[in-house]
Amino acid sequence: QEASIGVTGLAVMGRNLARNLARHGHPVAVHNRTAARTEELVAEFGHEGTFIPAKTPRELVAALRRPRRLIVMVKAGAPTDAVIAEFAPLLEPGDMIVDGGNAHFSDTRRRERWLREHGIHFVGTGISGGEEGALHGPSIMPGGSAESYRELGPLLEDIAAKVDGVPCCTHVGPDGAGHFVKMVHNGIEYADMQLIGEAYDLLRHGAGLAPSEIAEVFAAWNRGRLESYLIEITAQVLAHTDPATGRPFVDVVLDRAEQKGTGRWTVQTALELGVPVSGIAEAVFARALSGHAALRRAARALPGPRPSRPADAGSFADEVEKALYASKIVAYAQGFHQIQAGSAEYGWNIDPGAMATIWRGGCIIRARFLDRIRAAYAADPATPTLLADEYFAQALGDAQDAWRKVVATAAHLGIPAPGFATALSYYDALRAERLPAALTQAQRDFFGAHTYRRVDREGSYHTRWAGDRAEIAV
Ligand code: NDP
């Protein structure tokens, strides 16, 4: 029997993706550099569907029906290049290599260009949902040619998560578009997690609630407009007691958050595109800060405010909910701005509403909220910002008093809330009639003759600051 598709790289992700394919009735050829993993997969899960084990790349390729579809699920970076180099000579024009790893989109662009020269389709594909998602239905973000999606799309849609019967998978756009969108997805995930962390911190150290009480607050929020996977697991983590010590689990975990790099990539790319993703940046920096043990030790004795406490924990929790919702809207608006900017820069023609649609299920940021983003882009596909959408504008307007109060309370109590604060600043900056950027530009003209434009006349001008201060048109 010929396999519909092959998977090489059978660590947690590849193995579960192969099982997902087999469970959906697709005969799948499987291969791993270390053959023991292949044997283990077939021995343990062979009963779930049709697996065709291959010992060598040549055997794997020989097992595939044409045009061949091969998913590469190995460690991102050099290993992906090595595996592509190994398989490419064994393939024929029209075949396709799908990279489901967390590749940087610029690597995907490079690989796509190279393989295209050999007539091979390269489909850089973002896959979110971790190992559980890979098995039960991930959110899938495939890039590459439209032709490759016609061949591959139905299969990927079959194994993707479904929300209201709609698969969480769609063709994102050419070459690196899929991995770009996956990168921004992860950046938004960082921001979302940071905001949730700040909400917890405010309830814990601002309102004085215990983790188990905060777990109940989050569980209640999860029944409302904040309903999402991340809020749900937060409630579960906060309700958990450490079996070894009997203490709240969150108190025995070292307060140092690690990162694998996709958040950093998002911010680096945003800097290059000139897109202000301040919420994602603060989240990446907050993780970095948490890891600087010596820095934190050196500053531990710095003075803080005199302790005081918000009067009523219940109403404060409601205000924090509003601040969290508003800040979340801003973080997502910034992420979607980056997707639109990347799409314009690289000519990808990405449909942002479709991205919100495929993130509703399967992935880490899955949430009811994404339906609102989908609706916003349906109402105005070209909107420069989600904040201008009628629903979001109203939600922000309703939240703003509480939002300001929470940010002020955080500052007052000496509790860091960079995510909430930067989101509010972004909101106010976009709203502002005039920005102090006028002063910045004037300073630039003063020290560097960088010129400025005027509000009342066309053209560029320079003031002779060092001389007679006369204005000259340039
Ligand atoms: P790992 O990233 O841990 O990679 C291990 C796999 O890569 C093994 O199959 C290993 O083979 C193979 N490999 C490593 N180097 C080479 C090489 N030079 N040549 C051939 N094979 C090699 O596996 P994961 O399953 O965790 O992730 C796979 C990909 O999916 C990664 O790119 C990851 O970033 C991405 N991803 C992971 C998620 C997760 O939750 N884990 C979520 C979404 C994406 P061997 O057994 O022989 O060592």
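Rings of Phe, Tyr and Trp (its six-membered ring) pair if their centres lie within 6.5 Å; planes under 30 degrees apart count as stacked, over 60 as edge-to-face and the rest as tilted. The model is predicted: local features need pLDDT of at least 70, side-chain atom pairs count only at pLDDT 80 or more, and totals for chains, interfaces and linings use all residues. Residues are numbered from 1 along each chain as its sequence is written, and side-chain values use heavy atoms, with hydrogens and water left out.

The ring rule gives 15 aromatic pairs. Phe105 and Trp348 form an edge-to-face pair, 5.9 Å centre to centre with 85° between the planes. This pair links distant parts of the chain, 243 residues apart. Phe105 belongs to helix H5 (residues 105-117), and Trp348 to the loop between H15 and helix H16 (352-358). Helices are DSSP runs (H or I, at least four residues), numbered from the N terminus. Phe105 is buried, at 4% relative accessible area. Trp348 is also buried, at 2%. Buried means under 20% relative accessible area, exposed over 50%, partly exposed in between (1.4 Å probe, protein chains only). One aromatic cluster is formed by Tyr325, Tyr332, Phe369, Tyr391 and Phe392.

Arg309 sits in the loop between helix H14 (293-299) and helix H15 (313-346). Arg309 counts as exposed because its relative accessibility is 60%. Leaving aside residues up to four places away in sequence, Arg309 touches Gly206, Ala207, Gly208 and Leu413; contact means heavy atoms within 4.5 Å. Arg309 and Gly208 are 101 residues apart in sequence, with their C-alpha atoms 7.8 Å apart in space.

Notes
Helices (H or I, at least four residues) and strands (E, at least two) are DSSP runs, numbered from the N terminus.
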